[in-house]
Amino acid sequence: MTSRFEPFLGLSAELTAFSHFDLLGTGLAESYLATLDKVVGGEITDALLAAFTALPPPESEARIQAVRTTILGHELLGDVARALIKLWYSGTWFELSSAWTERFGPRPANITFVVSPDAYVEGLLWKAIGAHPAGAKGQGFGSWAFPPKIPAFSPALDFQNLT
Amino acid sequence: MDSYSIKTLDELKEFLFRAMQLEHATIPPYLTALYSIKPGVNQDATQVLRVIVVEEMLHLTIAANILNAIGGKLDLVRPDFVASYPAALPDGETDFKVGIQAFGREALAAFLKIERPARRPEHLIGKGLIYRKTPPGITALGSHPRHEDFHFYSIGEFYSTIEEGIKYLEAEAHGAGTTIFTGDRSRQITSEYYYSGGGELFPVTDLKSALEAIELIIEQGEGDGGGIYDDDDHELAHYYRFEELVKGRYYQKGDQPGHPTGPHLQVDWEGAYPIKENLKVADIFEGSELREAAIAFNTRYGEFLQLLTRAYNGQPSLLLEAVPMMFEFRNMILELIRNPLPKHPGKNGSPTYEIPGGIKQPAVTRQAEVNA
């Protein structure tokens with residue numbers, strides 16, 4: 001693990017509203033950091049991690065504001081952060097918009113792709129909706145007779161303020 | 001008759017409880033090794049472990065059927081039911097420890113010992129039980145209820161003693177115009193309630209079906225009289241399936257034990273997460289998410305055993321509810337195993353299988369868990 005891994009994990013937890021444990025539990029954190037490096041390059045990835053590290057203390061109003069202004073609302077980093085959220089949820093890197101590439105230059109690896117077969121299987125979206133990915137992680141014979149199990153999210157996280 | 005033969009029905013019931021304990025004890029080590037395998041590698045090993053763990057679940061249920069057939073009461077939440085790992089298992093003149101660890105050479109060496117076809121050598125025939133050298137305080141599986149300081153020569157011998165006990169007690173009952181098979185038939189678990197679980201599940205109602213049930217357990221594990229296949233010659237015994245992985249080669253019909261000549265197979269010995277062996281909750285940094293998750297798993301596993309207890313005690317349809325629960329375990333275990341263990345560099349988490357005792361609540365239904 002590198003010194004970039006911890007901030008990457010922290011950033012990912014903040015962006016996805018899943019815990020470090022959940023994120024590490026996918027087994028994909030390292031490969032997603034590598035995906036960022038591959039697609040947008042080490043420099044932009046580092047800028048994103050630096051923006052995260054510079055945020056005001058957790059659970060403060062100022063932090064939520066800063067996430068909006070210095071990350072999600074940032075011209076360069078905003079689209080990258082949103083692509084990272086989608087990556088965690090779906091296992092797919094979604095190509096950055098043409099507006100972004102016109103402004104910051106095209107990246108050869110910036111195409112829509114599924115990172116790996118496990119990335120699809122471990123997408124957070126399945127956990128968030130209490131379902132299993134189609135064709136994988138089956139829930140067993142007879143499981144459809146029971147209601148889905150939707151995980152409880154930490155009450156500390158306030159989705160309203162992030163959107 | 002040997003001094004360690006089974007002489008009373010109560011003793012037979014205790015033996016069968018211990019048989020269930022023994023069958024169950026193999027499940028956490030196999031399951032953990034299975035889920036420790038990293039994605040994309042060791043497909044042969046994954047398949048072997050998956051098949052075997054499912055067959056062990058079958059054995060547990062078969063033992064439950066036998067115990068139910070003789071009117072025994074089943075209790076998988078009895079505090080001593082789940083072994084504390086590492087636990088000791090008989091293996092010839094010594095015993096050995098079986099523990100919770102990642103898939104690898106060491107794990108396979110232990111698994112081979114669990115399933116080893118062990119017959120007494122000439123000089124030990126008729127010599128009685130083996131004195132146990134395991135220190136006290138370690139769960140000793142497959143031991144004799146009346147002779148806790150001794151163990152059987154092998155798991156096979158443990159089952160043979162049960163087999164002889166059943167024959168002896170049934171003959172005695174028969175002489176008195178009765179039978180030991182007085183259990184309520186509605187408690188028998190049959191394939192109707194047991195979906196695709198590693199083999200046929202038939203009701204145990206008399207001497208013949210009881211002996212067939214024990215034979216099935218022994219054959220799937222150790223093979224038929226030391227042969228590599230079971231008596232129908234179509235299924236490889238567990239011991240030889242594990243041996244295929246060690247030797248990197250499949251068995252085929254006509255092979256001699258120890259000498260597989262079939263196609264080669266690939267094993268990536270590094271292809272598993274480095275989980276800490278025999279982890280306990282107390283070893284996990286307090287306040288960490290990993291610790292919470294390990295406790296949550298243990299609680300859920302305790303509820304699972306409680307559900308099984310109810311299923312085996314006259315509500316077999318509850319087994320259908322146990323199926324999704326087992327798949328839930330897979331997800332929980334994978335998460336534990338992929339997370340680094342705080343303050344133990346290079347080591348990952350693991351399920352601990354420390355089942356909370358004395359859970360009085362019935363297993364919660366899934367409905368109650370939904371957070372809408």
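Accessible areas here come from the Shrake-Rupley method with a 1.4 Å probe, and the model they are computed on is a predicted one.

**View 1. Chain A and its surface.** The accessible surface of chain A comes to about 8,000 Å², and carbon and sulfur atoms account for 62% of that. Of the 163 residues in this chain, 43% are buried. Take the mean position of its 11 positive charges and that of its 16 negative ones, and you'll find them 3 Å apart.

**View 2. How chain A is put together.** Chain A has ten helices and two strands. Read from the N terminus, its elements go α-α-α-α-α-α-β-α-β-α-α-α. Its radius of gyration is 17 Å, close to the 15 Å that the globule rule gives for 163 residues, so chain A is as compact as a globular protein of that length. Along the principal axes, its C-alpha atoms fill a box of roughly 50 × 40 × 30 Å.

**View 3. The largest nonpolar core.** This core holds 117 residues, and B:Met20, B:Phe103, B:Phe111, B:Tyr159 and B:Ile162 touch the most other members. Helix α2 of chain B (residues 43–69) supplies the largest share, 15 residues. Another core, of 41 residues, lies apart from it and includes A:Leu11 and A:Leu55.

**View 4. Around B:Phe103.** Beyond its neighbours within four places in sequence, B:Phe103 is in contact with residues including B:Ala33, B:Leu49, B:Leu245 and B:Trp269.

**View 5. A loop residue, B:Leu265.** Look for B:Leu265 in the loop between α6 (238–247) and α7 (289–312) of chain B. B:Leu265 counts as buried because its relative accessibility is 8%, under the 20% cut-off. Its C-alpha atom is 5.0 Å from that of B:Gly248, 17 residues away along the chain. Leaving aside neighbours within four places in sequence, the contacts of B:Leu265 include B:Asp44, B:Glu244 and B:Tyr250.

Terms used:
Residues numbered from 1 in each chain as written. Chains lettered and ligands numbered in written order. Predicted model: local features only at pLDDT ≥ 70, side-chain atom pairs only at ≥ 80, totals over all residues. Heavy atoms only, no water. Core = buried A, V, L, I, M, F, W, Y, C linked by side-chain atoms within 4.5 Å. Buried < 20%, exposed > 50% of the residue type's maximum accessible area, 1.4 Å probe, protein only. Helix = DSSP H or I, 4+ residues; strand = E, 2+ residues; numbered from the N terminus. Contact = heavy atoms within 4.5 Å. Rg over C-alpha atoms; globule rule 2.2 N^0.38 Å. Lys, Arg positive; Asp, Glu negative; His and termini not counted. Charge placed at Lys NZ, Arg CZ, Asp CG, Glu CD.
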